[in-house]
Each structure stands twice: as C-alpha cells, then as structure tokens.
Amino acid sequence: MNPQPLFCPNIDCPSRGRQNAGNLTVHDSLKDRFRCRDCQTTFSVRKGTLFYRLKTDPQTVICVLVLLAFGCPVPAVVRAFRLDERTVRSWQTKAGRHCEQVHTHLVTEQPRHRPQVQADEIRVRCQKRIVWMAMALCVQTRLWLGGVVSSQRDKHLARSLADRVKACCLPGALLVVTDGFPAYKAAFARAFRQAKQTGKRGRPALTACTGFVLAQTVKWQEAGRCLGIRVCHLLGDCAGIARLLPAGQVLNTAYIERLNATFRQRLAGFCRRSRCLLRHETSVADGMFLVGTVYNFCTPHQSLTKDKQLRTPAMAAGLTDYVWSVGELLGYRIAPAPYVPPQRRGRPPENGAKAGAQQSKGANAVVTV
C-alpha cells in the first residue's frame, strides 16, 4: 500500500478521490504544489495531513510526537526542544485526530474476518474526575480495533464499543471474550443480531447472528487476592468456543490486559501516581488514537515474527506490507468520496419528437413572416 496517494482534494472537482488518475501535474516543485487539469486548482502536497500550514520543521514535529507516543511527558518535551507548552499540546491534539481518521479509513471502514476479539476497559484518573476507556483487540493479529472514552462506566460505553467491534468484523464466526462487566451482554446482544424472516406481516424477530459467541471471564477473589477465574458462557453456541480457540488455549483476557499495560506505559497521563494528568475526555481520546495507531502501523510485534521478519499488527491483518514510519503515518492522506454530479431539478426535458415539431413550427413561422 502506498502511504502517499495523490488525488485532487477539491470537493467540487469531477475527479476528486481518484488516486493516480493522471489528472495531476507539477505546479511548483520547490513548494510541492500540484495542479489538477480538470478543475484547474492548485494545492499543496501536505493538504490533508498533520503538516499542512505548519511553519515548524516536519522532522521536529515527528520527533516530538514520537516521544509523546512512547510515554514522554509534555514538560520534558518542552524543556528539551524549547517549545511552548500550548504548541506541543496542539500538535498532540491534531495528531490524535489525524490518527483517528486514518484508523477509521483503514481499519473500521475495511472490515475483515476476525475469529477472536477481546474487550476490556481502563480506569483513567484525570484532573478532578475519573474517565473510563474501553478498547478491543483482535487476538490473532494483535490489531487494536479502537476504543471509546466516557465519563461513566455504563451501558452506553459498552454499546459504543460493541458497535465499533461490529464495524470492524465481517459477518461470520466470531468469539468475543470480555471481563465481568455485566453491561457487555446486552450491548453485544444488541449489536450482533439479525432479522429472522418468517414470511409473516409485521416486524421480524431479531435473533443472534450465526456463529457469534460471547463469553466472560470473572475473577474469583477473596481477601483481595485472585484465587481463580470462572468462565461464563452468555450468548451463542457453546460448542463454537472450541472451534474458534487455538489448540491448547483457554478463555482469557490476557492479550487485552497486555495491551492495557502498553497504553499505560506509552501515555504519560495514564501512568499511576503521575503528575502529568489529563484534563478532558477529548485529551484522553486524542492520546488513545495516537498511541493505538502508532502501535498498529509503526510498532513491530515480536509474537508476530514470521521467517525472521518483524511484523506490525497492520501487516499481520493485511492492511500494509511493511513497517510504516511515524512520518508516513502522520503524512497519510485520505481521499474524499468520489464526485457525484448534482441531480437535475425541475421538470424533465421534452422528448425529441415534440422538440423537433416545435423547431419546425418556429422555422415555418419565420418563413411566413
């Protein structure tokens, strides 16, 4: 996959969204500007990326965001690069929103078959408040499927995460393993359901999707110590669990727990006993997407090594064919939707016979005069 596709970003252009269609020419090679032959507009090659209209050197911005994505606090970055704190936080916010768009375009809008998914939530301590962040992970490829941030750990948080998981998965056999949060049962049952056609009048009944299985692992604790884990089968065919689990593996949430530790390590505001606390839910969401997208596309995973070649979760999922750099991720341009011509409004044009008769009549009238 080419991380730098070329297309016309003009919304009114008939060729918008067409990548490498031959309609672009070089307008200014020194300033990296192109011209579209169809709409005759010029645009910068940085438009649609994080570096658009930034006066700072892109390499400096990349170095700062790499440090932020791997757990460096903002005050340390400010002291090392002699930057203003507001500038660094604005870069982090823009990077998080850009990474969210890239994640939506490459992961959410391109669903694939994912046999096993694990979900869990993290309790994040912010300034004068507590925020909950729920995330999901594909076990086979270690691909982070996204997350949801909410101020309450309630059914709305579980429903949002279930809808995000459904958007990333194709219909088919799917095993979802969660912790003991009771809201997950109703949330996933509501998301993974289909209409059962009976041929009768009225709204058809909704049943669970074929091949969908939901299970929970509840820790058995006593006096603050974990003595064991109890497995609860909630939805779907129980026999499908054995078919979807690899040989010798038991139901657990170890993979998503390990990912939670990675997020706590790589985002300074998630660390326990930290003075670099985040302030708002939007800051938590921006940091989450920055860390998660860098984890998917730019971080090789040792458990995914194949033929002595390190692979990222995106490579294992078939989204990319090599390890992206952080600069390529932040410079990725998302093509807009293809151009759709506006519909004609008003009365439809008259047919050819009637129009021809009117033309001949007009000609005769001119001759008579």
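D179 counts as buried at 15% relative accessibility, where buried means under 20% relative accessible area, exposed over 50%, and partly exposed in between, with a 1.4 Å probe and protein chains only. The model is a predicted one, in which local features need pLDDT of at least 70 and side-chain atom pairs count only at pLDDT 80 or more, while totals for chains, interfaces and linings use all residues. Residues are numbered from 1 along each chain as its sequence is written, and side-chain values use heavy atoms, with hydrogens and water left out.

The side chain of D179 meets that of R153 in a salt bridge, with an N to O distance of 4.0 Å; the term stands for a side-chain nitrogen of Lys or Arg within 4 Å of a carboxyl oxygen of Asp or Glu. Because R153 lies in the loop between strand 6 and helix 4, and D179 in the loop between strand 7 and helix 5 (183–191), the pair ties together parts that are 26 residues apart in sequence. Helices (H or I, at least four residues) and strands (E, at least two) are DSSP runs, numbered from the N terminus. R153 itself is partly exposed, at 34% relative accessibility.

R153 has a further partner in E121, and here the closest N and O atoms are 2.6 Å apart. E121 belongs to strand 4 while R153 sits in the loop between strand 6 (143–150) and helix 4, so this pair ties together parts that are 32 residues apart in sequence. E121 is buried, with a relative accessible area of 9%. Taken together, E121, R153 and D179 are linked in a network of salt bridges.

Strand 4, which spans residues 116–126, runs parallel to strand 7 and is joined to strand 7 by three bridges; two strands are taken to pair if DSSP finds at least two bridges between them. Within this pairing, Q116 stands opposite L175 in strand 7. How many residues of strand 7 are buried? Strand 7 (residues 174–178) is mostly covered, five of its five residues being buried. From strand 7, L174, V176 and T178 point one way and L175 and V177 the other way, and all of these are buried.

The structure holds five salt bridges, and one of them joins the side chains of E85 and R89 at 3.2 Å, N to O.

Helix 4 (residues 155–168) gives the largest share of the positive patch, three residues. K155 is found in helix 4 and is partly exposed, with a relative accessible area of 45%.

A last stop is L65 in helix 1 (residues 58–69). L65 is buried, with a relative accessible area of 1%. Although L65 and G327 are 262 residues apart in sequence, they are 9.6 Å apart in space, C-alpha to C-alpha.
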